[in-house]
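Some terms used for a protein structure rest on cut-offs.

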Amino acid sequence: MSRERYGIIVCPDCQNARSVDLTNKTTRCNYCGNRMKIKKMNVYYQTNSQKEAAWAVGRLNEKLKGKEEPIKEKKESSDPYYKAAKESSKGDNQREKLLILARILTDELGQFNKEDLEKVAEKSDLGDVDTIIKNIRKIDDIYEPEHEVFKSI
Ligand SMILES: [Zn+2]
């Protein structure tokens with residue numbers, strides 16, 4: 001079975017449904033600007049017709065309005081890695097992003113290591129985990145009590 005062209009996804013941040021071109025890798029939410037990796041999103045509906053996609057978005061938004069947010073999204077918003085990736089994207093530059101990331105992970109986990117950073121790297125646009133570690137080591141406000149274990153001051 002071939003994949004349809006358009007998919008309907010729901011933004012985990014603002015719970016608005018939208019249609020995306022499934023041949024794209026990422027998309028940005030029209031409502032809140034959240035950047036999403038299409039591959040990782042739950043696709044609620046698929047179609048090759050743009051009209052049908054628009055109709056499906058309307059239907060899903062109606063349904064979502066009257067309902068609680070999907071369970072999956074709830075779990076994601078309480079996930080420290082998801083939260084760190086999401087919040088860090090609000091930083092103006094790489095340093096600010098990493099500071100936000102480190103502060104959240106320290107708040108949630110006490111300290112964090114390479115494995116934790118890998119989980120955030122998957123969800124963010126900060127580069128791979130080695131790049132993140134390299135950049136974190138340049139920041140004075142984040143220290144490394146043990147090898148590849150970090151803590152925000
Ligand atoms: Zn959104």
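Q: What covers the buried residues of helix 5?
A: In this predicted model, the cover includes helix 3 (80–88), helix 4, strand 6 (112–113) and helix 6. The buried residues in helix 5 (residues 114–123) are Asp-116, Leu-117, Val-120 and Ala-121.

Q: What makes the buried residues of helix 5 line one face of the helix?
A: Viewed down the axis of helix 5, the buried residues fall within an arc of 140°, so they line one face. In general, an α-helix has 3.6 residues a turn, so residues three or four places apart point the same way.

Q: Why are helix 4 and helix 6 called roughly perpendicular to each other?
A: Helix 4 (residues 94–109) and helix 6 (residues 129–136) pack at an angle of about 95°. Angles of 65 to 115 degrees count as roughly perpendicular, and the pair is therefore described as roughly perpendicular. The axes of helix 4 and helix 6 are 10 Å apart.

Q: Which residues meet where helix 4 packs with helix 6?
A: Helix 4 contributes Gln-94, Leu-98 and Ala-102, and helix 6 contributes Ile-132, Asn-135 and Ile-136. By type, the residues of this contact are four nonpolar, two polar and no charged.

Q: Why does Asp-21 count as exposed?
A: Asp-21 has 12 C-beta neighbours inside 10 Å. The cut-off for exposed is 12 or fewer, so Asp-21 counts as exposed. Asp-21 belongs to strand 2 (residues 17–21).

Q: Which residues is Asp-21 in contact with, leaving aside its neighbours within four places in sequence?
A: With those neighbours set aside, Asp-21 is in contact with Arg-5 and Tyr-6. As for Lys-138, 117 residues separate Asp-21 from it in sequence, and the C-alpha to C-alpha distance is 39 Å.

Q: What makes Gln-15 partly exposed?
A: Gln-15 has 17 C-beta neighbours inside 10 Å. Buried needs 20 or more and exposed needs 12 or fewer, so Gln-15, with 17, counts as partly exposed. Gln-15 sits in the loop between strand 1 (6–10) and strand 2.

Q: Why is Glu-148 called partly exposed?
A: Within 10 Å of Glu-148 there are 15 other C-beta atoms. Partly exposed covers the range between the exposed cut-off of 12 or fewer and the buried cut-off of 20 or more, so Glu-148 is partly exposed. Glu-148 lies in the loop between strand 7 (142–146) and strand 8 (149–152), and has a positive phi of about 60° although it is not a glycine.

Q: How is the chain divided, and how far apart are the C-alpha centres of the domains?
A: The chain is split into domain 1 (6–67) and domain 2 (79–152). Their C-alpha centres lie 29 Å apart. The C-alpha atoms of the chain fill a box of roughly 55 × 30 × 30 Å along the principal axes.

Q: How many helices and strands are there in the chain?
A: The chain has six helices and eight strands, in the order β-β-β-β-β-α-α-α-α-β-α-α-β-β along the sequence.

Q: What share of the chain do buried residues make up?
A: Of the 153 residues in the chain, 24% are buried.

Terms used. Residues numbered from 1 in each chain as written. Predicted model: local features only at pLDDT ≥ 70, side-chain atom pairs only at ≥ 80, totals over all residues. Axes fitted to C-alpha atoms, helices over the stretch in contact; angles between N-to-C directions. Helix = DSSP H or I, 4+ residues; strand = E, 2+ residues; numbered from the N terminus. Parallel < 35°, antiparallel > 145°, perpendicular 65-115°, else oblique. Contact = placed C-beta atoms within 7 Å. Nonpolar A, V, L, I, M, F, W, Y, C, P; charged D, E, K, R; others polar. Domains from an automatic or database assignment. Arc of directions from axis to C-beta.
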